[in-house]
Protein chains: 2
Amino acid sequence: MKKTFLLVVASLAIMLGANAQELTNFMNREPIVSPEIGESQVTFRFLAPKADTVKITGGFTPTVKMKTLFGEMDVPGSLDLTKDEKGLWSITLPLPEPELYTYSFIVDGTTVNDPRNTFMQRDGSRYLSVLLVPGEKTENYFEAEKRGNLHQVWYDSPTLKINRRMFVYTPYGYENSNKSYPVLYLLHGGGGDEDAWTSMGRTRQILDNLIEKGLAEPMICVMPNGNPNQMAAQTTQLPVSDVDYRDPSNRNNYVHSIVKDIVPYIEKNYRVIADPDHRAIAGLSMGGGHTIAAANEYPGMFQYICPLSMGIRGEQPDIDEKLQGLKKAGYKLYWLACGNTDFLYESAQKLDAKLTENGLEHTFYVTEGGHTWANWRVYLNTFAPLLFK
Amino acid sequence: MKKTFLLVVASLAIMLGANAQELTNFMNREPIVSPEIGESQVTFRFLAPKADTVKITGGFTPTVKMKTLFGEMDVPGSLDLTKDEKGLWSITLPLPEPELYTYSFIVDGTTVNDPRNTFMQRDGSRYLSVLLVPGEKTENYFEAEKRGNLHQVWYDSPTLKINRRMFVYTPYGYENSNKSYPVLYLLHGGGGDEDAWTSMGRTRQILDNLIEKGLAEPMICVMPNGNPNQMAAQTTQLPVSDVDYRDPSNRNNYVHSIVKDIVPYIEKNYRVIADPDHRAIAGLSMGGGHTIAAANEYPGMFQYICPLSMGIRGEQPDIDEKLQGLKKAGYKLYWLACGNTDFLYESAQKLDAKLTENGLEHTFYVTEGGHTWANWRVYLNTFAPLLFK
């Protein structure tokens with residue numbers, strides 16, 4: 001019995017491309033747990049009998065000063081692991097502040113993910129190991145009891161002239177009710193794709209928890225791909241279109257596709273309350289720009305408008321006219337958020353000022369920190385309860 | 001403009017946990033393409049200025065003999081990359097036979113994925129870089145023109161007393177038609193989960209292509225999690241139940257849950273032709289065992305039965321009785337497949353013999369090769385066109 005099991009394991013390991021050394025290690029070793037999260041500390045482990053140095057670096061390691069093109073910046077430093085007689089490297093750290101961190105090992109100078117940690121996130125082309133530290137701040141980032149479904153949906157975009165993919169979250173209970181739901185259109189930033197908000201943003205978990213606690217209205221959440229040349233995330237290997245979306249004549253084409261292609265698809269294929277009072281739009285960075293543009297180009301279409309870590313950049317001679325149009329059309333919530341060390345904070349301040357100057361009621365939600373997923377998760381967790389109320 | 005872009009990139013890189021060295025490299029380097037697939041060759045590249053050796057190992061590197069607990073076995077060997085003056089390591093190989101391969105780099109002894117390759121697969125706890133070589137054998141593994149949707153669905157399992165996740169594929173056109181569809185229940189093996197068939201098995205692409213070419217009937221495909229203690233893949237970090245499914249009193253509980261929990265959920269929530277003629281069950285390895293058990297325990301329930309890389313293991317004193325029950329209930333297809341070097345080939349031969357001995361019409365589809373996803377993709381591509389006809 002045990003022999004058969006080991007044979008299966010060995011076959012699996014070989015089939016998966018383990019090399020001879022790995023396989024020998026695999027057959028001999030005890031299970032290695034990493035990260036091991038305790039009450040007040042966390043231990044990371046990495047098996048590398050032949051390595052000379054193993055370090056860890058991530059969102060929780062002390063920052064170091066580094067000279068860059070933009071002057072001295074704080075970047076995450078690294079900490080040394082120590083090796084035991086079996087070649088197992090480890091480090092135990094005080095549990096960092098509750099947050100979702102990514103981290104890597106650096107083995108003799110080479111950056112490696114934690115091979116014992118199945119919890120990973122993808123940002124564009126990078127896969128990174130995740131440490132999720134429990135606490136009040138992060139409680140909605142863990143799985144709720146009542147979980148909504150997530151659909152990977154292909155739709156035609158006549159506006160962008162390609163078939164494209166988006167992710168659609170349906171709240172717990174959607175399948176068992178006849179109810180119609182409001183919809184949040186949630187947009188990612190540069191370098192991201194339709195998976196960004198669910199992978200790095202923990203959107204499903206955050207909405208599940210907020211809805212389960214009665215803090216947010218049950219809602220559908222639509223996460224499209226904001227790169228207008230892409231059919232889908234580059235993980236699909238699908239070709240990209242060669243339209244030049246920097247050309248002024250193609251400006252806002254993606255925003256048009258949200259209104260003309262995506263909203264109609266959702267309102268046809270999901271049980272949706274299809275009116276402006278039940279339509280919200282939010283987005284971070286580039287997606288914040290899309291959010292602002294959608295509000296300006298289609299005033300009255302979205303009654304809830306939440307740009308995150310974005311504002312007014314460069315010259316926008318028609319901004320007053322646009323904001324007056326939006327003011328005239330009306331809206332229920334304009335919720336602008338930004339971190340006070342974000343490199344786009346100044347642009348957000350400009351938008352805040354322009355909204356005030358034009359007499360548009362709004363919230364300017366300023367937090368510590370910069371242009372980070374740590375902030376964007378907090379923002380989603382904060383504005384979602386304000387929607388559709 | 002360029003400065004702002006670089007600042008964004010640098011901020012992103014820092015936020016993602018890049019260390020100082022990486023960041024410097026990042027700011028200075030040209031784009032590195034890996035793998036670069038040409039007409040007749042493929043080049044892999046890895047930037048590691050300080051490394052002493054960089055090797056590549058995977059399904060396409062020549063095998064080496066290795067002593068294991070079970071005698072000498074062939075395992076994938078490695079090939080050396082060479083370094084240029086900028087510290088960029090590379091190797092160009094003749095394009096291997098069309099297949100989907102996984103591979104890793106070994107940098108000074110440490111196994112690393114290809115950081116330039118966004119195409120990855122997860123098998124249980126391992127993430128691996130993928131090389132998909134085009135050709136006749138693999139043409140259905142690439143994205144089709146007309147793609148079906150994929151749903152991550154949570155359902156209650158009264159049988160297993162937990163809420164669980166499954167993946168549900170709906171064929172292209174499902175949303176725009178009023179048609180009802182047949183259903184394939186597709187089961188994974190040991191070490192896998194509800195994501196295995198879509199990640200390693202390329203199920204969505206294979207079914208999309210077969211349906212687009214008119215070779216397979218448009219069908220819904222349901223991929224549950226076959227580990228009865230699990231609510232979902234371990235990537236969700238959800239707790240596992242502590243029921244002992246090795247206890248004989250709990251035998252076949254997962255199979256019961258397919259029939260009592262999953263089939264009713266699907267037939268309630270999807271447009272399904274809810275009769276045995278439009279129900280197929282297939283599975284690999286452990287899932288092949290589940291397939292055989294479902295056919296034996298619920299004769300007449302599934303008219304299409306496809307166990308892959310599995311057969312009769314150990315003593316099964318009631319096998320003749322079970323097979324006679326299945327024969328009496330009737331079925332349209334019994335399609336058993338196995339590789340001739342699979343460590344379970346003998347068990348498949350036993351099942352083939354028992355089916356013949358009991359007068360059950362069936363196909364025994366024997367291929368080269370072993371207990372591998374290379375075979376399971378071929379099997380799906382081969383039996384899916386036989387279903388519901």
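Trainee: In which loop does A:Pro35 lie?

Mentor: A caution belongs at the start, since this is a predicted model in which local features need pLDDT of at least 70, side-chain atom pairs count only at pLDDT 80 or more, and totals for chains, interfaces and linings use all residues. Residues are numbered from 1 along each chain as its sequence is written, chains are lettered from A and ligands numbered from 1 in the order in which they are written, and side-chain values use heavy atoms, with hydrogens and water left out. The peptide bond from A:Ser34 to A:Pro35 is cis, with omega near -5°. With helices (H or I, at least four residues) and strands (E, at least two) taken as DSSP runs numbered from the N terminus, A:Pro35 lies in the chain A loop between α2 (20-28) and β1 (36-37).

Trainee: What is omega for the cis peptide bond that joins B:Ser34 and B:Pro35?

Mentor: B:Pro35 is found in the loop between α2 (20-28) and β1 (36-37) of chain B. For the cis bond joining B:Ser34 to B:Pro35, omega is about -10°.

Trainee: Are α4(B) and α9(B) roughly parallel or roughly antiparallel?

Mentor: Helix α4 (residues 203-212) and helix α9 (residues 373-383), both of chain B, pack with their axes 10 Å apart at an angle of about 30°. Axes are lines fitted to C-alpha atoms, for helices over the stretch in contact, and angles run from 0 to 180 degrees between N-to-C directions. Angles under 35 degrees count as roughly parallel, over 145 as roughly antiparallel, 65 to 115 as roughly perpendicular and the rest as oblique. The angle therefore makes α4(B), relative to α9(B), roughly parallel.

Trainee: Which residues in α9(B) meet B:Thr203, B:Ile206 and B:Leu210 in α4(B)?

Mentor: Contact here means heavy atoms within 4.5 Å. On that criterion, the three residues named from α4(B) meet B:Arg377, B:Leu380 and B:Asn381.

Trainee: How much space lies in the largest cavity?

Mentor: A cavity is a set of points, on a 1 Å grid over the protein atoms alone, where a 1.4 Å probe fits but cannot get out, and lining residues have an atom within 4 Å of a point. Grid points are joined across faces, edges and corners, and a volume is the space filled by probe spheres set on the points. The largest cavity is lined by 40 residues, and among those nearest its centre are A:Asp195 and B:Asp195. The space in this cavity is about 1100 Å³.

Technical notes: 1 Å grid on protein atoms, 1.4 Å probe; cavity = no way out; pocket = protein on both sides within 12 Å on 5 of 7 lines; lining within 4 Å.
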